[in-house]
Amino acid sequence: AAISDCQSEIAALIGASVAISISDIPFNGPIAGANVGLVDGKLILNPNEAEREKSKLNLTVAGTKEKVNMIECGADSVPEDTMLEAIMMAHEEIKKICAWIESVAQEVGKPKFDYDHIVVDPELFERVKDFAIDRVKWALDTDDKRVRDKNMAEVSAEVYEHFADEYPEAEGQAVLDGVLYKLQKYVVRRWLLDEGKRVDGRGMDEIRPLSCDIDLLPRVHGSGLFSRGQTQVLTIATLGPIAEKQKLDGVDEEDSKRYMHHYNMPGYSVGDAKSSRGAGRREIGHGALAERSLEPVLPSEEEFPYAIRLVSEVLSSNGSTSQGSVCGSTLALMDAGVPIKRPVAGISCGLITKDDKWLTMVDIQGLEDFYGDMDFKVAGTKNGITSIQMDIKIDGLTYDIIEKAFEQTKAGREHIIDDILLKAIPAPREELSPFAPKIMS
């Protein structure tokens, strides 16, 4: 299916939703999507190609009639209230499309088939919980990921030994591993919802300890190291002549780009020993997200006639490395002397839900991402948002949850910019590195 002047992913999403809705496949939809742009201060629903070229916002929203379950955008420092208004505009259109899909399914749809749910044995879960819940709480109650992993290994060994007669050897341990995963999830979620407690003792609006440094690598054109808790990212900036910009061979009209952002997350960053191969889905996606976050603040080609390449190396990971790479990249660009318009910082927001009760927390670490319901990544300047990328594990978000996430991430990134990044380097360097190519005009 093709929709004139509509972005292709929206057409594909609606087409897929129609196909599954009329099939016999179980489906919690229908879902639909819409785009919103911002041209001359006015929000435009599903902008055409000419409008997208002038737009300061490229927002894609998907969802059901009741909730929003996907938000992705690139923007030029769009304020939070404008962004929320744009999301609500898109959702109103989504409701209409979902209603139309429902009418099609009622007319030509097939009955849905039944299927068996694969769940952890409730009786076994209760037995393991009675035996090990206090030990699991002890293991998780630390702000050090390495200590937590070591403690959980001890608890797992105790559980294997206690249930060895019923669940022997590797196959039995795999069953118990599934139960222990669910038990850890149960403990973390109950702490948050019932006690307002996070595994590392922070408050819901509290960010992990922050630090940063610049000019660590004297031979490169610019470098920045950003640390948030046990997440640490080093970004290297390299400048080149415009002739070295990347050539593109895609389906749209863009044939080259002068700014490239690459992201690497080697195995050692999470304590794994594995071979180093080509970039995977995660590396490509995180690099694209960081690239989108910083692109609006870069100087024009006329102001700064250089090709720019950033490489973010994740040295240690405990959640939110993509947003750590945004912060490290701001430092590297300023250290390289790139006259960016204003600094950009990124931070994530998590979510825990149960029935009608919900709770958001800023700067989630790995455990809160694994066992939580959302990883809402927002990057931007002090003037507004430059990018959003959202992962969720529930059926969608209400406007209240989205508004709260915007509020927490805004306060978080302003703190990072004012108290961390600008204290390390208050402005871009006035001169380039002696090792960078010099272009005179």
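Is Arg 202 buried or exposed? Arg 202 is buried, with a relative accessible area of 7%; buried means under 20% relative accessible area, exposed over 50%, and partly exposed in between (1.4 Å probe, protein chains only). The model shown is predicted, local features need pLDDT of at least 70, side-chain atom pairs count only at pLDDT 80 or more, and totals for chains, interfaces and linings use all residues. Residues are numbered from 1 along each chain as its sequence is written, and side-chain values use heavy atoms, with hydrogens and water left out.

**View A. The salt bridge of Asp 200 and Arg 202.** The two side chains meet at 2.7 Å, N to O. A salt bridge is a side-chain nitrogen of Lys or Arg within 4 Å of a carboxyl oxygen of Asp or Glu. Asp 200 is buried, at 18% relative accessible area. Both residues belong to a network of salt bridges that also links Arg 198, Arg 208, Arg 228, Asp 363 and Glu 368. In the whole structure, 24 salt bridges are found.

**View B. The salt bridge of Arg 127 and Glu 166.** Side chains of opposite charge can pair when their charged atoms come close. Here the N to O distance is 2.4 Å. The pair links distant parts of the chain, 39 residues apart: Arg 127 is in helix α4 (residues 122-140) and Glu 166 is in the loop between α5 and α6. Helices (H or I, at least four residues) and strands (E, at least two) are DSSP runs, numbered from the N terminus. Arg 127 is partly exposed at 32% relative accessibility, and Glu 166 is partly exposed at 45%.

**View C. The salt bridge of Arg 146 and Asp 144.** The closest N and O atoms of this pair are 3.3 Å apart. Arg 146 is exposed, with a relative accessible area of 62%.

**View D. Aromatic pairs, of which the structure holds five.** Rings of Phe, Tyr and Trp (its six-membered ring) pair if their centres lie within 6.5 Å; planes under 30 degrees apart count as stacked, over 60 as edge-to-face and the rest as tilted. Phe 125 and Tyr 186 have ring centres 6.2 Å apart and planes at 75°, so this pair is edge-to-face. Phe 125 lies in helix α4 and Tyr 186 in helix α6, 61 residues apart. Phe 125 is buried at 7% relative accessibility, whereas Tyr 186 is partly exposed at 29%. Tyr 181 and Tyr 371 also form an edge-to-face pair, with 5.1 Å centre to centre and 70° between the planes. Tyr 181 is in helix α6 and Tyr 371 in helix α9, so the pair ties together parts 190 residues apart in sequence. Tyr 181 is partly exposed at 42%, while Tyr 371 is buried at 4%.

View E. Leu 298 is buried, at 8% relative accessibility. Not counting residues up to four places away in sequence, Leu 298 touches Tyr 259, Ile 308, Leu 333, Val 338, Ile 340 and Lys 341; contact means heavy atoms within 4.5 Å. Trp 100 is 198 residues from Leu 298 in sequence and 42 Å from Leu 298 in space, C-alpha to C-alpha.
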